[in-house]
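Me: Hello! I am new to this structure and would like to go through it step by step. Could you show it to me?

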Amino acid sequence: MPDEPSDAAPDAPRFRDKPVSFVRRSGRMSEAQERAWAELAPFYALDVPRDVASTSVHPDARLVPAETYGRTAPLIVEIGSGQGHAIVSAASSRPDDDFLAVEVFRAGLARTMLDADRAGARNLRLVEANAPEVLETLLPEGSADEVWVFFPDPWHKSRHNKRRLVKDGFGAVAGRALRDGGVLRLATDWEDYALQMRDVLDAASELERAFDADGDAWAPRFDGRVMTAFERKGLNKGRDIRDLAYRRVARG
Ligand SMILES: C[S@@+](CC[C@H](N)C(=O)[O-])C[C@H]1O[C@@H](n2cnc3c(N)ncnc32)[C@H](O)[C@@H]1O
């Protein structure tokens with residue numbers, strides 16, 4: 001997983017007309033991860049028709065949640081799920097909800113499947129794809145009850161800021177996937193990214209704050225968010241963790 005990807009080469013932007021928020025690494029999988037992929041992907045990983053790049057989503061691809069999960073239940077989508085700690089913990093403790101992990105880091109997805117299998121979580125699926133395309137295309141409009149974005153890559157050098165996932169336009173992208181009243185939850189340990197998230201999402205007509213409307217406020221820590229290596233690293237470096245939460249306003 002890119003820990004601090006800002007010095008690495010960007011992911012094949014020549015194939016896409018917009019910059020992506022990740023760097024694809026060759027990062028080899030361990031033997032256990034290779035085995036997990038072969039054994040568990042048929043159940044856990046969605047087979048997505050691609051467009052221009054290997055992590056793209058074809059414009060005609062659509063998830064039908066009731067078919068994928070075999071039932072109708074609230075759907076929680078985590079973007080950039082990393083090793084899967086948050087979503088596996090949530091899926092195994094909330095059997096009445098369905099979960100979708102969106103990630104481009106293969107070894108992280110393999111780890112997520114292994115942990116999900118060990119935990120007996122059958123209400124979770126994974127998709128190896130660029131998250132904005134999943135929100136804009138793969139998910140039916142209004143199908144998600146919650147979208148989670150925890151510790152997205154900060155792209156903290158100013159020349160790389162344009163690669164940030166949460167930037168102008170992200171409110172509309174997340175708002176399309178969320179049902180009316182659904183919630184977008186975010187957390188970051190980078191103060192200037194937290195400020196950018198709040199500016200961009202406060203301005204999005206699809207969303208309203210689900211925390212104190214006072215300009216300088218932050219949301220309380222989401223208690224469904226487990227501690228991950230990224231949060232621990234931020235804390236160890238003395239950074240404050242900021243949570244945000246936005247509700248999808250009712251469609252007109
Ligand atoms: C800093 S890590 C945080 C992982 C996890 N949320 C946590 O808190 O441990 C950010 C993750 O987002 C993934 N990512 C970045 N941009 C993405 C995108 N456009 N689509 C899917 N995953 C993405 C990266 O591969 C990486 O695993």
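Reply: Happy to! Two residues are in contact if their C-beta atoms, placed from the backbone, lie within 7 Å. Please keep in mind that this is a predicted model.

Me: Is glutamate 78 buried or exposed?

Reply: Glutamate 78 belongs to strand β1, residues 75-79. Beyond the residues up to four places away in sequence, it touches Ala86, Ile87, Ala101, Val102 and Trp148. There are 26 C-beta neighbours inside 10 Å, so glutamate 78 counts as buried.

Me: UniProt lists Glu78, Glu103, Asn130 and Asp153 for "binding site". What is the largest C-alpha distance in this group?

Reply: That listing comes from an unreviewed UniProt entry. The four residues are spread over 76 residues of sequence, yet they cluster in space. Their largest C-alpha distance is 14.2 Å.

Me: The UniProt annotation "binding site" also covers Lys157, Asp189, Thr228, Ala229, Phe230 and Glu231. How far apart are the farthest two C-alpha atoms there?

Reply: This annotation, too, is from an unreviewed UniProt entry. Its residues span 75 residues in sequence, and they do not all gather at one spot, because the farthest two C-alpha atoms are separated by 23.3 Å.

Me: Which residues does threonine 228 touch, not counting those up to four places away in sequence?

Reply: Threonine 228 lies in the loop between β6 (207-209) and α8 (229-236). With 19 other C-beta atoms within 10 Å, threonine 228 is partly exposed. Apart from residues up to four places away in sequence, it touches Gly82, His85, Ala86 and Phe151.

Me: How many other C-beta atoms lie within 10 Å of alanine 229?

Reply: Alanine 229 is part of helix α8. It is partly exposed, and the number of other C-beta atoms within 10 Å is 13.

Me: Which residues come nearest to the ligand?

Reply: The residues around the ligand number 24, and they divide into 15 nonpolar, seven polar and two charged. β2 and α8 each supply at least two residues of this shell. Those that come nearest are Phe22, Gly80, Gly82, Ala131 and Thr228.

Me: What is the phi of phenylalanine 151?

Reply: Phenylalanine 151 is in the loop between β4 (144-150) and α6, and it counts as buried with 22 C-beta neighbours inside 10 Å. Most residues other than glycine have a negative phi. Phenylalanine 151 is not a glycine, and still its phi is positive, at about 55 degrees.

Me: And what value is phi of tryptophan 155 near?

Reply: Tryptophan 155 is found in the loop between β4 and α6. With 22 other C-beta atoms within 10 Å, tryptophan 155 is buried. Its phi is positive in a residue other than glycine, near 40 degrees.

Me: How large an arc do the buried residues of α6 cover around the axis?

Reply: The buried residues in α6 are Phe170, Gly171, Ala174, Gly175 and Ala177. They lie on the same side of α6, because the arc they cover around the axis is only 160 degrees.

Me: What do the buried residues of α7 pack against?

Reply: Helix α7 has twelve residues, 191-202, and reaches 16 Å from its first C-alpha to its last. In this helix Tyr193, Ala194, Met197, Arg198 and Leu201 are buried. They are on the same side of α7, because they cover an arc of only 140 degrees around the axis. Their packing partners are α6 (170-177), β5 (178-188), β6 and β7 (242-248).

Definitions and conventions:
Residues numbered from 1 in each chain as written. Predicted model: local features only at pLDDT ≥ 70, side-chain atom pairs only at ≥ 80, totals over all residues. UniProt positions renumbered as here; feature names shortened; annotations may be inferred. Helix = DSSP H or I, 4+ residues; strand = E, 2+ residues; numbered from the N terminus. Buried ≥ 20, exposed ≤ 12 C-beta atoms within 10 Å, placed from the backbone. Expected span 1.5 Å × (residues − 1). Arc of directions from axis to C-beta. Near = placed C-beta within 6 Å. Nonpolar A, V, L, I, M, F, W, Y, C, P; charged D, E, K, R; others polar.
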